[in-house]
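Morning, everyone. Let me put the model up, and then we go through helix packing, strands and a salt bridge.

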Amino acid sequence: MLIERTSGHIVVDIQGERQRFNVLGMHEFDSDRKRMSVILGFPDNTVKLYVKGADTSMLDVINNSSNTNNNIIKPTQAHLHSYSSKGLRTLVIASRELTLSEFEHWQSSYESANNALMGRSNLLRKIAVNIENNLGLLGASGIEDKLQEGVPEAIESLRTAGIKVWVLTGDKQETAVSIGYSSKLLTNEMTRIVINNNSKDSCKKSLEDALGVCKKVKNGVSGAVNSQLALIIDGSSLVYVLDTELEEQLFELASKCDVVLCCRVAPLQKAGIVALMKKRTDDMTLAIGDGANDVSMIQKADVGIGISGQEGRQAVMASDFAMGQFRFLVPLLLVHGHWNYQRMSYMILYNFYRNAVFVLILFWYVLFTGFTLTTAITDWSSMLYSIIYTSLPTIVVGILDKDLSRATLLKHPQLYGAGQRNESYNGKLFWVTIIDTLWQSIAVFFVPLVAYWASNVDGSSLGDLWTIAVVVLVNVHLAMDLFRWYWITHAAIWGSIIATFVCVMVIDALPFLPGYWAFFHVADTKLFWVCLLGITIGALIPHFVVKIFVQYYKPNDIQIAREAEKFQDSRVSRQMQIEMYPIS
């Protein structure tokens, strides 16, 4: 039992007797060796090397000429297979005693490499490889790495949402497959494609055969109609695939599979898999891990998430987001990810619309004044339009608006597909917004122009009417599109309209500014208020009609879910599940 540990020594309780061992040196784990070692000084002045690592790397450095090792190797391999089949994480442990000359040679080389300014890691790796040989096998360990609470349900929800889940692990294939079944990543109904090769030619043939199997399964030739495909590939095969001409075949095969499970992969191979997908597709990649061996993968992905746990904080420090458990990924993506997509999509279109309406009014005015330098809208109103008149409602709605509740989004993961199908922001919506913007700008400009054509109202008075009309219009337009109302939303929208009236009155009440008392002249007539009401109704009628038509005759999943959420009708909920888009 470990009693004390420092950088220079450890104290261990061995059958009631405490013994102190000096730590003389350590070779950290790296992705090439796939093992780590420590050199200890014993109380009897002997020096021993202890090594632990993956069985694929450890069995190659065992002294096979020793009869003792030969008697242990086969039972150990059987135990390793048994452990991994049960989902245990395995390690092989070996050691050997160093002679005085071996230790002195290692120590001088180790100190020189540690002090090197360039190529330090390569030098240390070479020294470790030189000393980690002719080892005596001590045995193997199998450690149960229990899944966190909610992992199977989280993976199932992510896959239901149309998100492809790939697992990249350094575990043995049997361990990885066992964990895959326990986490519901793999199912008995899936057609498994396994690639385990030790040469480039065999890898090429396996990939070609696998692509043929995919084609047969997808076409229903093999009898498994609509059967899901699972690709299982090991790190040895990836050595001959990544950064070669076989990458294209691997990408094609992985894209056709519903699940990809990479086992016995090194940290750099994990990053290589992520880079492969980023290079050959426009899809967003997200990597999540909890250990130091996941850092390169997390940094390579578009979004990196680190799990803070018993594996240390290296993954957390290298990530974009940190969380305590894997299951928190579901609300992060399906809830907050959906809300963020809906808000951002609408805000992009709305901000374009509210600014374009105001600019187009100035454009129509320029056409009617022969492109002169005069303007009916004061410089102050032009500046305050984006600072006071319309800014606060945009901020409040962009932060607080929610189209669906958290419970609905978690209950129906398929709703996440709205973002994958670009339902809230696409070319069609953009051009519809442009047409709507043109119509509203025409209504705002020409209704007052026609109404006051034969009157003696000056340009400054019309400018005030146009300013107030466009502010009222864009805020009412925003209010029509809101999903949820809060007191702060009411205060922001209606308060902005009131603030616009107050600012226009203050600006026109200052005698040293142009348009002195213009607002009070034009607002004193009934026609001003009639124009204001007529502009708002006339400009928003097309938007209102199209909105009602789409919601009642061509609703999407989000609108159906909102109706079900609103009325809490079980019959509507059943219809909603039937009408949802299938996950491709």
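Start with helix α18, residues 427–451, and helix α22, residues 526–553: they pack at an angle of about 160°, with their axes 9 Å apart. Axes here are lines fitted to C-alpha atoms, for helices over the stretch in contact, and angles run from 0 to 180 degrees between N-to-C directions. That angle makes α18 roughly antiparallel to α22; the cut-offs are under 35 degrees for roughly parallel, over 145 for roughly antiparallel, 65 to 115 for roughly perpendicular, and oblique for the rest.

A word on the source. This is a predicted model, where local features need pLDDT of at least 70 and side-chain atom pairs count only at pLDDT 80 or more, while totals for chains, interfaces and linings use all residues. Residues are numbered from 1 along each chain as its sequence is written, and side-chain values use heavy atoms, with hydrogens and water left out. Helices (H or I, at least four residues) and strands (E, at least two) are DSSP runs, numbered from the N terminus.

Which residues of α18 meet α22? Among them are W439, A443 and V447 in α18. On the α22 side, the list includes I535, L540 and H543. Contact means heavy atoms within 4.5 Å. By class, this contact has 12 nonpolar, 3 polar and 1 charged residues. Nonpolar covers Ala, Val, Leu, Ile, Met, Phe, Trp, Tyr, Cys and Pro; charged covers Asp, Glu, Lys and Arg; the others, Gly among them, are polar.

Next, the sheet. An open sheet of 3 strands runs in the order β12-β13-β14, with parallel pairing. Strands pair if DSSP finds at least two bridges between them. β12 (286–289) and β14 (321–323) are at the edges with a single partner strand each, so one side of each has no neighbour in the sheet. Twist averages 20° from one strand to the next. Between β13 (residues 303–307) and β14 there are 3 bridges. I305 sits opposite F321 in β14. Helix α13, residues 329–368, lies across β12, β13 and β14, at about 160° to β12.

Now antiparallel strands. β5 (residues 47–53) joins β6 (residues 88–98) through 7 bridges. K48 has E97 in β6 as its bridge partner. β6 in turn runs antiparallel to β7 (residues 136–144), with 8 bridges. There, T90 partners G142 in β7.

Last, salt bridges: a side-chain nitrogen of Lys or Arg within 4 Å of a carboxyl oxygen of Asp or Glu. The whole structure has 20. One is D55 with K172, at 3.0 Å, N to O. D55 is in helix α1 and K172 in the loop between β8 and α6, 117 residues apart.
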